[in-house]
Amino acid sequence: MNVLQRGVRSVLRKPIKSIILLFIVIVMSGLFLGAMASRSASIYTQDATRQAIGATFRIEGNEENRRKRLDQAMDVLGDREGSYGGVTHKWLENGADMVVTDNSFETVKEDDVKKIAQVEGIEEYNLITIATVVNPVNFSRIEDSDMDQSTDVGGVNLRGNRIMEMDMDVSAGKISLIEGRMIEKDDRDVCVISKELAELNHLKTGNLLKFNDYHDKEHSTIYSAEIIGIYETKQERKSIMYGDSYRPENTIFTDMSFPENHPEMKEILSISMLYSKSKMQGSTIKLKSLYRKRI
């Protein structure tokens with residue numbers, strides 16, 4: 001007697017049990033298919049929305065590739081002091097060595113951004129510089145009176161944007177404009193400040209803020225930026241580093257050309273790409289291993 005025959009006889013011997021098991025299988029299958037259909041409908045809705053209004057993805061440095069390039073530079077330098085490909089190797093007096101990278105090594109390449117932006121379906125792109133601390137010359141920053149300020153440099157942090165509307169905090173709804181306008185790609189020497197900074201210093205749109213290098217507050221060149229907007233925080237924003245210099249209220253958004261006046265502000269942290277999915281059907285974006293993509 002084969003397996004099929006034994007199965008048929010078992011069903012005939014216990015019809016009620018067999019019907020119950022069949023019912024359970026049908027119900028479970030129905031629930032599974034329903035969940036799959038719901039998921040497909042959700043994905044379709046998201047895709048349809050993205051096709052209608054566009055969506056963004058972000059490109060950042062690839063840490064794995066960074067380590068690889070760092071190892072390659074150190075293979076060239078060996079034990080000697082010197083620089084190669086944006087990597088500097090130094091020996092300290094205590095016998096330890098120090099490896100330092102500059103902005104040319106760390107930055108996302110703007111030429112790569114422009115190549116990616118030429119892909120059909122890419123509507124616009126934004127560049128975001130690394131947040132760099134500068135000294136506030138003609139205004140005061142927000143400080144926590146309970147925090148030890150002896151280890152802080154007493155600065156504010158500048159974040160450059162090509163198009164502020166595409167900044168990660170703006171697009172995520174964490175901040176919104178309450179006065180003036182956001183930074184656009186053709187702006188020069190402008191900034192958008194927090195409501196807290198504006199209230200503390202009695203600032204409004206049209207006022208000029210002045211900054212210089214916090215390493216040399218007395219003698220370094222002073223740069224000015226006109227306030228064109230004031231923003232308020234809608235959702236919690238965490239400090240990217242310790243200290244009041246990096247607290248969210250002390251973040252000042254600037255245009256891309258203004259940070260370039262400051263020698264430390266040439267590093268591009270990430271790129272945001274606005275694309276229309278309907279226009280990108282059949283198109284392929286090949287990202288170099290230098291970068292990783294976030295939707």
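1. Let me start with a strand pair: β2 and strand β3 (residues 87-91) run antiparallel to each other, joined by three bridges. Strands here are DSSP E runs of at least two residues, helices are H or I runs of at least four, and both are numbered from the N terminus. Two strands count as paired if DSSP finds at least two bridges between them. S83 has T88 in β3 as its bridge partner.

2. A word on the source, before going further. This is a predicted model, in which local features need pLDDT of at least 70 and side-chain atom pairs count only at pLDDT 80 or more, while totals for chains, interfaces and linings use all residues. Residues are numbered from 1 along each chain as its sequence is written, and side-chain values use heavy atoms, with hydrogens and water left out.

3. Now to the sheet around that pair. Three strands form an open sheet in the order β2-β3-β4, with antiparallel pairing. Its edges are β2 (82-84) and β4 (97-101), each of which pairs on one side only. From one strand to the next, the twist averages 20°; axes are lines fitted to C-alpha atoms, for helices over the stretch in contact, and angles run from 0 to 180 degrees between N-to-C directions.

4. Helix α3 (residues 63-77) lies across β2, β3 and β4, at about 55° to β3. Its 15 residues should span 21 Å at 1.5 Å a residue, and the end C-alpha atoms are 21 Å apart, which agrees. That expected span is 1.5 Å times one less than the number of residues. The buried residues of α3 include N65, L70, A73, M74 and L77; buried means under 20% relative accessible area, exposed over 50% and partly exposed in between, with a 1.4 Å probe and protein chains only. Just after α3, G78 has a positive phi of about 65°.

5. What does a search of the whole structure find in the way of aromatic pairs? There are two aromatic pairs, where rings of Phe, Tyr and Trp (its six-membered ring) pair if their centres lie within 6.5 Å, and planes under 30 degrees apart are stacked, over 60 edge-to-face and the rest tilted. F139 and F211 have ring centres 5.7 Å apart and planes at 80°, so this pair is edge-to-face. F139 sits in the loop between β6 (132-136) and β7 (156-161) and F211 in strand β10 (residues 208-212), so the pair ties together parts that are 72 residues apart in sequence. Both F139 and F211 are buried.

6. The rings of Y231 and F253 have their planes at 80° and their centres 5.3 Å apart, so they too are edge-to-face. With Y231 in strand β11 (residues 223-233) and F253 in strand β12 (residues 251-255), the parts tied together are 22 residues apart in sequence. Y231 and F253 are both buried.

7. Leaving out residues up to four places away in sequence, T251 touches N157, R159, V192, S194, Y231 and R237, contact meaning heavy atoms within 4.5 Å. T251 counts as buried, at 4% relative accessibility.

8. Do have a look at R162, which lies over the face of Y125, at 3.9 Å from the ring centre. A charge sits over a ring if NZ of Lys or CZ of Arg is within 6 Å of the ring centre and within 35 degrees of the ring normal.

9. Two backbone angles deserve a glance. Most residues other than glycine have a negative phi. D189, in the loop between β8 (175-180) and β9 (190-194), has a positive phi near 55°. D189 counts as partly exposed, at 35% relative accessibility. H202 also has a positive phi near 55°, and is found in the loop between α7 (195-201) and β10. H202 is exposed, with a relative accessible area of 71%.

10. T205 is found in the loop between α7 and β10 and counts as partly exposed at 31% relative accessibility. Setting aside neighbours within four places in sequence, T205 is in contact with E179, G180, I227, I228 and G229.

11. Finally, the whole protein chain. Its secondary structure comes to seven helices and 14 strands, and 37% of its 295 residues are buried. Of the contacts between residues at least 6 apart in sequence, 73% join residues at least 24 apart.
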